[in-house]
Amino acid sequence: MGLFGRGKAKDPYGREALIAQNEAMVAKAGAAAEREAAAGRWADALTFSDISLQAVLMLARFEPGDPRHVHGEAATLYFHASVLGRNGRVDEAIAAADRAAELYRRLQPHNPGKYNQLVADADGRAERWRAELAGDAAPAVEAPAVAAPEEDVADTYDSAAEILGDVALRLLDESPLSPEEARGLLAIGIAPVGADSTHARRARFHNTIADRLSVEDPDDDWTVERLRGHAHDFFVKSSEAQETEMRTGIGDYGLEWARTLLFLAKGERESADADDTYLLEEYCGWLAGVLGQLRPYTIVDGPTAELVQEADAFLQEVGDW
């Protein structure tokens, strides 16, 4: 059972939730960076590596001094150094490798046998890049001086609501996020999801933006409802495509889909004309189908049982739809 199967957190956008989001971001973006690097797509590898690094740095701010995050930052920087070098940004590669070695040195007292070797490897990597700079070969690309991501975000946006509002408009227009919007999401602890992601993940991303927007800008009901409508559409596509995530994670994604449908159906019942019940019937029909898939989980998972009970009661209230 995934995190969503544990019910609503008491503080879903507090410190613990943001830590969990960034930990997931580190793992997913790091794996994507390694995959792109293995395929020789170094520009894409750099994009994912940078996302993973920013998430690691965010974790270090939440829990300063935690050895796990010190190690995570060092390991990410060690890989990041190679990716920077492959993209011709040798000066930055040296700085990343030096920083990795510095962090590994902090951890040496905890496990000398392990970290002595890691320090040596990071130092060796920095020395190789220095040797390249000292030779005739110049870096392939000179990296322009850029502001730190959090500074860029502060210059572009005044609040989380502005970031979320801009991202929501992009999603509703089915347009790709701009670099500024992606950095803005990272700054508030949300991992961007690309158009090449599975339908199930894109559905979840729409719901994540809707959840946060409903907190940051509670008056923007229209945008939140549209985002959840799009999330439902993506869940339908995921189901029709028989995506592995949906088939093997129905207890997780199915629970979220049911919540989305219940939200949409309730809103439609409140606003629809008596003679125009098409959408209400559509949402209720899908909801009944998803509930059928979730019922086995009600035996072992309390939050799922509560949601199914609430949804069943709603469907009975609606009556003959």
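This is a predicted model: local features need pLDDT of at least 70, side-chain atom pairs count only at pLDDT 80 or more; totals for chains, interfaces and linings use all residues.
Two or more lining residues come from each of α10 (221-240), α11 (244-248), α12 (250-271) and α13 (278-294). Helix α13 gives the largest share, with four residues. By class, the lining has five nonpolar, five polar and two charged residues.

Three aromatic pairs were counted in the model. One of them joins phenylalanine 235 and tryptophan 257. This pair is stacked, at 5.5 Å centre to centre and with 25° between the planes. It links distant parts of the chain, with phenylalanine 235 in helix α10 and tryptophan 257 in helix α12, 22 residues apart. Both phenylalanine 235 and tryptophan 257 are buried. Tryptophan 257 also pairs with tryptophan 286. Here the geometry is tilted, at 5.4 Å centre to centre and with 35° between the planes. Again, distant parts of the chain are linked: tryptophan 257 lies in helix α12 and tryptophan 286 in helix α13, 29 residues apart.

The two tryptophans fall into separate burial classes. Tryptophan 257 has 4% relative accessibility and therefore counts as buried. Tryptophan 286 has a relative accessible area of 26%, so it is partly exposed. The cut-off for burial is under 20% relative accessible area.

Arginine 228 lies over the face of phenylalanine 263, at 4.9 Å from the ring centre.

Glycine 251 is placed in helix α12. Its relative accessibility is 5%, so glycine 251 counts as buried. Glycine 251 and threonine 304 are 53 residues apart in sequence. In space, their C-alpha atoms are 8.3 Å apart.

The chain as a whole has 14 helices and zero strands. Its pattern along the sequence is α-α-α-α-α-α-α-α-α-α-α-α-α-α. Of its 321 residues, 41% count as buried.

Helix α4 (residues 90-107) has 18 residues, which should span 26 Å at 1.5 Å a residue. The end C-alpha atoms of α4 are 26 Å apart, so the span agrees with expectation. In α4, the buried residues are Val90, Ala93, Ile94, Ala96, Ala97, Ala100, Ala101, Leu103, Tyr104 and Leu107. An α-helix has 3.6 residues a turn, so residues three or four places apart point the same way.

Helix α9 (residues 199-216) also has 18 residues. From its first C-alpha to its last, α9 reaches 26 Å, close to the 26 Å expected at 1.5 Å a residue. Buried in α9 are Ala200, Ala203, Arg204, Phe205, His206, Asn207, Thr208, Ile209, Ala210, Arg212 and Leu213.

Terms used. Residues are numbered from 1 along each chain as its sequence is written. Side-chain values use heavy atoms; hydrogens and water are left out. Ala, Val, Leu, Ile, Met, Phe, Trp, Tyr, Cys and Pro count as nonpolar, Asp, Glu, Lys and Arg as charged, and the others, Gly among them, as polar. The expected span of a helix is 1.5 Å times one less than its number of residues. Buried means under 20% relative accessible area, exposed over 50%, partly exposed in between (1.4 Å probe, protein chains only). Rings of Phe, Tyr and Trp (its six-membered ring) pair if their centres lie within 6.5 Å; planes under 30 degrees apart count as stacked, over 60 as edge-to-face and the rest as tilted. A charge sits over a ring if NZ of Lys or CZ of Arg is within 6 Å of the ring centre and within 35 degrees of the ring normal.
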